[in-house]
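Subject: Structure for you to look at

Hello,

Here is the structure I said I would pass on.

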Amino acid sequence: MPPAQLPAPLQAVVAPSSLAVPRAVVAIPVGGAAAGLGHCLSALAGQRGAAGLRLAPGAFGVLLLLEPGQGQPDGLARGLPFPLRVLEAPPAAPSWAWRQAMAAAAGWLGPDTPGTVVLTTEAAAAPAPDWLAANLAAIAAGADAVAGRVLAAAPAGPAARYAALLDALAARLDPDPDDPWPRHGLESGASLALTRDALLAAGGLPAAGAEDGVAALLGALRQRDRRIRHAPEVVVRAAPGPLPGAPPEPLAAARRRLAARAALRRLWRDGVGSVAPETPALWHWARRLRLPAGMLAGLLGARHFGAAWAAVEAASPALARRALPPGALPRQILAARLLLAGLRLAGPVRRPSPDAAR
């Protein structure tokens, strides 16, 4: 990820200790009038360690990416216990500004500091006092990326509630051995952390044409079977934003997609398509997915299941996304709640072990 995406003349270093290389950098794109930025920086200044103690000065850095011509707010760096860098971005779409902020944060960490972490939040968000420590603890436990929980002042809309139900359904029908917590529709730029190595392993940041940088970045990590942890203990307070990723689909289509993914995950683990011969289960799913069995076997021969599944989704006519018709959300929400209630009565989730997944 070359730091050349941000030309040097646009960079302004604030605070004398900014030239130090921290172990973690929080990237914050700042748009509009930077409303709430003071609260965000105050929340970051009040970060505590695992024992509730103040962090050492310079334990992490903060990078702000301002809109072109926005100008640096007065007294921005006064009294902050962390090094701060302020950059002015060239004209671009808001999603591209987020990518630039992440790239600049990774460039600040540099290539010679292994184990470093890039975090991101929003200018109007207020991370909890243990936000940084909880993120770093989840990464130290083996996660490549950590998506936190966003507490919004306003209640979630019907689309967000339906997305949360589909995520809870996915956690039961196709559980991830590395991620014990369902996504609940809360993957956003308000709380995301990942190792610099994972960012580079994902091929850098998504292309400028991608609609949502967070969803595209996590999708690239999934295609490489990187460990993404959704951590409810990592908390920020922020306004709800648009849901990233594909629009919600009918419950029947979502169940069909989850059943196919769970079955193909088992076939991939068994080496069908790479080291094992074709099986009746493969032929069955080839018919259901309307793909030639040989083609499905070839797609399952990918090194990473995430890449295999992305290729199957793109190739299968049966998995083509179908948008919900207008006015269908209330019925779909009710149906999803009833289905989840039945699954919970059937017993606890049986999660595969991480070792079996690999």
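This is a predicted model: local features need pLDDT of at least 70, side-chain atom pairs count only at pLDDT 80 or more; totals for chains, interfaces and linings use all residues.

Salt bridges

The count of salt bridges comes to eight. One of them joins Asp174 and Arg265, whose closest N and O atoms are 2.9 Å apart. Asp174 sits in the loop between helix 4 (158-173) and strand 8 (192-195), while Arg265 belongs to helix 7, so this pair links distant parts of the chain, 91 residues apart. Asp174 and Arg265 are both buried.

Arg257 forms a salt bridge with Glu249, with 2.8 Å between the closest N and O atoms. Arg257 also meets Glu313 in a salt bridge, at 2.7 Å from N to O. Because Glu313 lies in helix 10 (residues 305-315) and Arg257 in helix 7, the second pair ties together parts that are 56 residues apart in sequence. A network of salt bridges links Glu249, Arg257, Glu313 and Arg321.

How covered are these side chains? Buried means under 20% relative accessible area. Arg257 has 9% relative accessibility, so Arg257 counts as buried. Glu249 has 4%, so Glu249 counts as buried too. Glu313 has 24%, and therefore counts as partly exposed.

Helix 8

Which residues of helix 8 (residues 280-289) are buried? They are Leu282, Trp285, Ala286 and Leu289. Looking down the axis of helix 8, you will see these buried residues fall within an arc of 110 degrees, so they line one face of the helix. On the face of helix 8 turned away from the buried side are the exposed residues Pro280 and Arg287.

A positive patch

The relative accessibility of Arg256 is 33%, so Arg256 counts as partly exposed. With 51% relative accessibility, Arg290 counts as exposed, because the cut-off for exposed is over 50%.

Two backbone angles

Most residues other than glycine have a negative phi. What is phi of Arg290 near? It is near 55 degrees, a positive value in a residue other than glycine. Asp225 also has a positive phi, near 55 degrees, and is likewise a residue other than glycine. Asp225 is found in the loop between helix 6 (213-223) and strand 9 (228-237). With a relative accessible area of 30%, Asp225 is partly exposed.

After that, turn to helix 8 and find the buried residues, among them Trp285.

Regards

Technical notes. Residues are numbered from 1 along each chain as its sequence is written. Side-chain values use heavy atoms; hydrogens and water are left out. Buried means under 20% relative accessible area, exposed over 50%, partly exposed in between (1.4 Å probe, protein chains only). A salt bridge is a side-chain nitrogen of Lys or Arg within 4 Å of a carboxyl oxygen of Asp or Glu. Helices (H or I, at least four residues) and strands (E, at least two) are DSSP runs, numbered from the N terminus. The arc is that of the directions from the helix axis to the C-beta atoms.
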